[in-house]
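Work through the exercises below with the structure open beside you. Try each task before you read its solution.

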Amino acid sequence: MSLEFRGPGVVPLTLYVNGHETHLQVEPRQTLLSVLREELGLTEAKHGCGMGTCGACTVILDGQTVYGCLTLAIDCDGSEVRTLEGLARGQELHPVQQAFIEHDAYQCGFCTPGQILSAVALLEANPRPTAEEVRQEMSGNLCRCGAYPNILSAVLAAGEREE
Amino acid sequence: MITKTAEHTVIGTRPPRADAFEKVVGKAVFGPDVNLPRMAYGRILRSPHAHARIVRIDPTRAEALDGVYAVATAADLPEAADRTERVGEGNVNYKYMRDNTFAGDKVLYHGHPIAAVAARTLQIAEQALELIDVEYELLDPVLDVRQAMAADAPLLHEGMHTRSLAGTADTPSNVASQFQFLQGDPEQGFAQADVVVERAFETAMVHQGYIEPHAATAAWDADGTLTVYTTTQGAFDIRSQVHELLGYPLSKIIVVPTEVGGAFGGKNVGYVEVPAAVLARKSGRPVRVVMTREEVFLASGPSSGTWMRVKMGATREGRITAAEVELCYEAGAYPGSPVGAGANCILAGYDIPNARLDGYDVVVNKPRVGAYRAPGATQSTFAGEAVIDELAEKLGLDPVEFRLRNIATNGMPRLNGGFHEHIAAREVMEAVRDHPHYNAPLERGTGILRRGRGVGLAYWGNWGARSSVTLEVNADGTVSMLMGSVDITGTRTSIAMQAAETLGLSLAHINPAMGNTQTSGYSDASGGSRTTMATGVAAVKAAEEVIAKMHERAAAIWVCEPEQVAYTNIGPDAGTFTCSRNDETMTFAEVAAKLGGTGGALRGQGDVNVRRWGGAFGANIADVEVDIETGSVRLLRFTAVQNVGKAIRPGQVEGQLRGGATQGIGWGLYEGYAYDGQGHMLNANFLDYKLPTALDVPAIETEILEIPWPEHPFGVRGVGETPIVGPPAAIANAVYDAIGVRQGFLPMTPARILESMGII
């Protein structure tokens with residue numbers, strides 16, 4: 001086994017962001033979140049705590065939700081990254097987004113991108129989750145406005161609709 | 001005045017929010033999302049000490065670092081006026097605000113800002129902070145409110161003397177001010193009592209916990225106009241603060257509010273706007289300053305930790321005879337705790353013939369507190385409702401029945417000197433009494449899991465104040481709406497609904513937007529649960545002006561007198577003008593299409609200062625399960641009841657009730673600042689300062705009562721704050737019901753529960 005050393009200067013990075021092949025030069029210390037927000041202008045992912053405790057920076061990396069603030073960008077070389085930007089097709093919303101509107105599953109809207117991506121990943125893995133599974137799976141996304149009961153009903157409703 | 005007599009067609013419905021699409025696709029621009037060309041990154045140097053004198057600040061090494069554009073300190077700010085003004089939901093002295101922006105000769109808390117740096121990258125700015133040399137002379141900190149009140153306590157402000165109605169004290173003190181409410185004869189009242197209960201309570205400092213950190217971006221135009229983009233509840237309040245601290249004309253400052261990612265009272269006062277503006281001026285570039293989560297905890301405006309004592313007496317028949325209350329609230333580093341509001345709200349729901357309340361505003365070496373959702377009321381209600389509950393128990397009365405026997409009614413004098421008007425405390429308590437939750441059997445539990453049920457009655461006074469709404473009629477019959485109020489949780493929709501209802505148009509006809517300080521009329525901050533209420537009044541006024549002006553345009557088209565034109569905003573013909581001279585009709589859109597030929601642009605302007613408003617009573621029912629081996633408390637069922645006057649958009653009202661309850665659950669069970677003996681905050685992160693997650697909150701049942709505030713066109717009362725006031729009290733009473741031990745401390749962590757039981 002050999003270790004690959006990169007840096008300390010900028011290094012090349014290839015990401016497939018919402019289906020687009022993207023070539024970047026990033027510092028090895030940059031997080032995936034900072035690359036998305038600062039280099040690519042994809043501000044849908046939010047910086048809430050910087051230490052993986054709030055979930056506002058949740059994105060989907062090769063099918064799994066990750067905290068963008070705890071993921072080093074250079075560890076994602078060649079990976080597929082999905083952000084909220086890639087979810088709706090023009091004016092056509094994803095069923096989870098539609099359900100969030102119908103159930104008032106947000107108040108201020110700041111944690112919403114992370115909540116929606118967690119719900120999307122959950123439903124892709126488990127299209128008909130129980131309420132307990134939704135609460136468990138989404139407990140990594142804080143909502144300080146306290147929309148949890150509404151988020152729960154939105155995710156359950158979106159699950160039924162997708163089937 | 002257009003009076004609606006028919007059923008409402010817009011109000012009370014559940015349309016999607018106007019900002020729904022932007023929010024679910026993530027395109028809404030929040031404070032940290034603002035990005036300008038050539039922008040530099042700002043960071044703030046903060047004190048590692050809770051109390052120290054600053055001997056020297058030397059930024060030379062930082063300024064020399066490659067990529068650093070500017071360093072700012074207190075030396076860059078002019079002297080500020082020693083004047084106190086209402087800012088958002090609390091009072092602020094500008095001299096203190098200057099010292100809290102950049103420390104003067106002393107630092108007063110861990111995290112106190114000292115200097116700021118603007119650099120090419122965030123990393124360089126952070127590196128530069130370490131190169132600013134600061135020499136401190138350490139002083140003893142004082143962190144406990146009662147210790148701070150002691151005569152021999154270390155003083156935060158050597159020149160501060162306690163103010164009260166009696167004048168200013170001779171000796172300096174950490175007690176900034178004190179006051180007393182007195183009603184009847186408390187000594188005589190206690191003499192009449194058959195049962196007396198007295199207890200002391202303590203609550204930890206708590207934070208609003210908004211997930212979006214404070215963020216501001218400042219840019220100077222070549223002509224000297226300063227534009228500040230910021231996440232705030234009140235764009236005009238921030239403009240006043242920047243104006244006072246920079247000594248710069250209001251007309252040359254434009255504050256543009258972004259979408260707000262949670263505020264709950266904590267975004268009335270600015271923390272990063274002035275540093276961003278100074279750095280931008282010195283560097284000649286736009287500068288963005290975004291707080292880290294640690295900075296938000298250390299140095300924004302949390303809510304007071306408190307020490308409180310409540311003594312109450314009642315007769316065998318279950319009538320309260322007297323109350324004695326002492327409220328000691330931490331203000332943090334500078335005066336201005338919400339002890340006054342705490343005093344206004346404690347026991348507000350009861351008829352208490354004899355009472356004395358002493359309130360103290362006390363500085364300690366912690367961040368200067370700000371407003372947090374019903375500021376000051378949650379703490380005092382926790383204390384008051386626990387003693388009420390214990391009195392009921394000692395008298396052998398059902399807790400709801402005891403509350404109803406003493407419930408406050410209209411016309412009754414209040415302890416703070418006012419009178420109750422159009423309140424519904426009785427209706428709220430009766431709704432609890434009749435609620436299926438209160439009447440459901442509760443399995444008590446055996447062994448280590450014990451269950452209990454508790455209730456809490458809550459009051460918040462709400463607010464009115466200044467609001468401004470502009471409605472512009474477009475040629476296609478749609479209406480563009482601009483409001484000066486910042487939308488913090490969907491109010492652009494609830495305001496537009498009131499405009500649509502008044503105009504007799506569908507909500508789809510109105511496109512609402514938030515203005516900024518250059519485009520909108522002056523509006524006070526979105527705080528005090530005032531926005532849907534007071535800005536709603538402005539919207540109705542603007543809509544009425546639109547209709548009046550449209551009458552004139554219709555008359556011009558028909559060549560008749562405006563008095564011959566009638567407009568209907570209700571029923572199947574809503575949105576139609578008729579002329580009594582020729583019996584012709586025109587729709588709103590048809591008149592709008594001819595605005596160009598009948599005089600040009602048509603705007604309705606509603607500028608109001610709402611001076612009277614209705615308070616809101618609410619109540620909570622909590623079922624808990626306490627594990628008596630671990631001390632952990634689990635919520636089994638939770639209900640929120642509230643009189644909201646009129647629910648404009650019920651989905652949002654339910655959201656406020658649930659949201660306030662969720663924060664109240666956090667305050668009750670998990671949340672609290674922790675400090676070491678030197679005043680270093682130990683839990684400035686979401687791992688150690690625990691917010692409730694989806695797993696901690698049960699489905700919160702809501703019951704909305706609509707007993708109107710008669711002076712609002714649709715009967716609206718403030719909604720957003722009352723919901724947080726009752727939950728800790730209801731949970732504490734439920735915990736007592738489960739384990740038989742009264743709780744005197746918030747948060748009721750497992751360790752505190754076990755301590756109260758004498759186990760640890």
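**Exercise 1.** Find how far apart the C-alpha centres of domain 1 and domain 3 of chain B lie.

*Solution.* 
- Step 1: take the bounds, which come from an automatic or database domain assignment. Domain 1 of chain B is 2-28 + 463-610, and domain 3 of chain B is 306-462 + 614-756.
- Step 2: read the separation. The two C-alpha centres lie 38 Å apart.

This is a predicted model: local features need pLDDT of at least 70, side-chain atom pairs count only at pLDDT 80 or more, and totals for chains, interfaces and linings use all residues. Residues are numbered from 1 along each chain as its sequence is written, chains are lettered from A and ligands numbered from 1 in the order in which they are written, and side-chain values use heavy atoms, with hydrogens and water left out.

**Exercise 2.** Describe the interface of domain 1 and domain 3 of chain B.

*Solution.* 
- Step 1: count residues in contact (heavy atoms within 4.5 Å). Domain 1 of chain B gives 26 residues and domain 3 of chain B gives 21.
- Step 2: find the buried area (the accessible area, 1.4 Å probe, that two parts lose on being put together, summed over both). It is about 1700 Å², with 60% from carbon and sulfur atoms.
- Step 3: B:R14, B:S529 and B:M533 supply 33% of the area that domain 1 of chain B buries here, more than any other three residues.
- Step 4: look for salt bridges (a side-chain nitrogen of Lys or Arg within 4 Å of a carboxyl oxygen of Asp or Glu). The rule finds 1 across this interface. The side chains of B:R14 and B:E654 meet in a salt bridge at 2.7 Å, N to O.

**Exercise 3.** Describe the interface of chain A and chain B.

*Solution.* 
- Step 1: find the area. The two chains bury about 3900 Å² between them, 59% of it on carbon and sulfur atoms.
- Step 2: pick out the residues of chain A that lose the most area to chain B. They are A:Q107, A:F110 and A:R144, together 21% of what that side buries.
- Step 3: count the salt bridges. The rule finds 6 across this interface.
- Step 4: locate a salt bridge. The side chains of B:R649 and A:D104 form one, at 2.9 Å from N to O.
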